[in-house]
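My notes follow in the order of looking.

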Amino acid sequence: MRRAYSLRLRLFTVIVTPLIIMSILLGYWRFTVAQNTAEELFDRSLLAAALAISRDITISGGDALSPSTRQLVDDAAGGEVFYHATGPGGIYVTGYAYPPSLDQSTTETSALKFFEADYRGEDVRVLRVTERTTIEGITGDSTATVWQRVADRNSFARELATRAAALMGGLLLSLSLLVWFGVHLGLRPLADLQDAIAMRSPDDLSRIKRAIPEETKGIVSTLNRLFDQVERSFEAQQTFISNAAHQLRNPAAAVQSMAEAVKDAKDDRERDQRVVELIAASRQSAKTAVQLLSLDRLKQPAQETDFEPLELRNLLHSACADMGPQVLAKGLEFELKVTDQDLCIKGDEVYLMEAVKNLIDNAMIHGGESLSQITVTLKADAETASITVEDDGKGLNPDQSDAAFSRFSQVGTSSGSGLGLAIVASVAERHNGQVKINGSVNGASVTLVLSKC
């Protein structure tokens, strides 16, 4: 049994999952861009502080930093800024005594130099600015070195990323809630349709005619077809029960009347005659009941396990052996003609036996007074095997097929129930075969065609 699932949850998952994936990818891209942007902004902040310090050294003659420069240093983005300034000849001017040093293997010299270094056990980002200045008559290179802790920078970047992630998470949550309730509202017509069907009475199999969304028309159309099929099935079942009751009522009444007649017999000879008639009526009633049960079973869907390989010649021998005494008891000639080769078919032995017996029984009942012979013939070609039962009775034409193969229908007046050929037709349909009335100059000829193994 397949596990049930929520359609709303499935739609929600289908819609939201791509949004979550896109949000993760977008968040990663945004974090990377933000980190690079932050690094660029932090470096610019270092550059501004270094240029301001260098300017103050030149203007003040190396005495002190201006208040605006100190404010710039204190408010620099990316964390606390440390600085160290020297005048011409490397004379210490202001700031921390020992700045981070550039790797000794690096020989590159430029006015602006960014580099990573270790300062007192911490990773720092350093900017060194060198320019030509004159202080108190001495001309030379003045150097302003500024640096920040990398940890402070990363902390600041993480804080920005966390805020961005929280914002995106809030937006995604809000969007998920909107999608959830949107899907709920979108599926409301299905819920309304379910409620409408649930409110129906068990006997109401009429078509669904309410307004429905375009997407549900396929489901409703299928339901309407199912309702039509069930309704037709119920009608057929009711018709079958009604006809069956009618067919059983007459034999049952006849059995009852004959049983009462036996009691009122005047002598032994009359009593024996009425007992014979009672037995015949009882057999006819039992035969009709068996045929009705067979028709009802044949309406059930066939299963693959119901079919098995059968040797058709042996099946015909058995069927004819069972029917032989009845045929011969009526003074009729009875002949079976089969091929020399084995004929294998895949089918239900019980139903095929019953079909063959019904063909023979139909010939006996409807052959009329001129009936003198019944012949059963088995033929085969490359793909099919055919069983033909023919007689020399009053005859049956192909134009009478509809009446002959319909339930409770007879071509002419007889003692039959009108079920024999209907059972044969149902057996043929169950085995993907066919049954047909052949054109015959004398008598009737009916053929059952089956597929070979």
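**Helix pairs**

I began with helix H7 (residues 312-329) and H8, which pack at an angle of about 35° with their axes 10 Å apart. The model is predicted, and I read every value below with that in mind. H7 passes H8 in a right-handed crossing.

I then listed the residues that make this contact. From H7 they are Leu315, Leu316, Ser318, Ala319, Cys320, Asp322, Met323, Gln326 and Val327. From H8 they are Glu349, Leu352, Met353, Val356, Lys357, Ile360, Asp361 and Met364. Sorted by class, the contact of H7 with H8 has 11 nonpolar, 2 polar and 4 charged residues.

Next I looked up helix H8 (residues 349-366) against helix H10 (residues 420-430). Their packing angle is about 145°, and their axes are 9 Å apart. The crossing in which H8 passes H10 is left-handed. On the H8 side I noted Tyr351, Leu352, Glu354, Ala355, Asn358, Leu359 and Asn362. On the H10 side I noted Gly420, Leu421, Ile423, Val424, Val427 and Arg430. By class, the contact of H8 with H10 has 8 nonpolar, 3 polar and 2 charged residues. Leu352 of H8 is listed in the contact with H10 and also in the contact with H7.

**The sheet**

In what order do the 5 strands of the open sheet run? I read the order as E7-E9-E10-E12-E11, with mixed pairing. Strand E7 (333-337) and strand E11 (434-437) each have a single partner strand, so one side of each is left without a neighbour in the sheet. From one strand to the next, the twist averages 15°.

I followed one pairing in detail. E7 and strand E9 (residues 373-380) pair in the parallel sense over 5 bridges. Glutamate 333 stands opposite glutamine 373 in E9. I then found H8 again, packed on the sheet and touching E7, E9, strand E10 (384-391) and strand E12 (445-451). The direction of H8 makes about 25° with that of E10.

**The disulfide**

How many disulfides are there? I count 1 disulfide. Cysteine 344 is joined to cysteine 453, with an S to S distance of 2.4 Å. The torsion about their S-S bond is about -60°, so I recorded the disulfide as left-handed. Cysteine 344 lies in strand E8 (residues 344-347) and cysteine 453 in the segment after E12, so the pair ties together parts that are 109 residues apart in sequence.

Are these two cysteines buried or exposed? Cysteine 344 has a relative accessible area of 32%, which makes it partly exposed. Cysteine 453 is at 59% relative accessibility and counts as exposed.

**A residue in H3**

Last, I looked up phenylalanine 181, which lies in helix H3 (residues 150-186). With a relative accessible area of 51%, over the 50% cut-off, phenylalanine 181 is exposed. I also took the C-alpha to C-alpha distance from phenylalanine 181 to arginine 8: the two are 9.5 Å apart in space and 173 residues apart in sequence.

Definitions and conventions: Residues are numbered from 1 along each chain as its sequence is written. This is a predicted model: local features need pLDDT of at least 70, side-chain atom pairs count only at pLDDT 80 or more; totals for chains, interfaces and linings use all residues. Side-chain values use heavy atoms; hydrogens and water are left out. Axes are lines fitted to C-alpha atoms, for helices over the stretch in contact, and angles run from 0 to 180 degrees between N-to-C directions. Helices (H or I, at least four residues) and strands (E, at least two) are DSSP runs, numbered from the N terminus. A crossing is left-handed if the near helix is turned anticlockwise from the far one by less than a right angle, and right-handed if clockwise. Contact means heavy atoms within 4.5 Å. Ala, Val, Leu, Ile, Met, Phe, Trp, Tyr, Cys and Pro count as nonpolar, Asp, Glu, Lys and Arg as charged, and the others, Gly among them, as polar. Two strands pair if DSSP finds at least two bridges between them. A disulfide is a pair of cysteine sulfur atoms within 2.5 Å. Buried means under 20% relative accessible area, exposed over 50%, partly exposed in between (1.4 Å probe, protein chains only).
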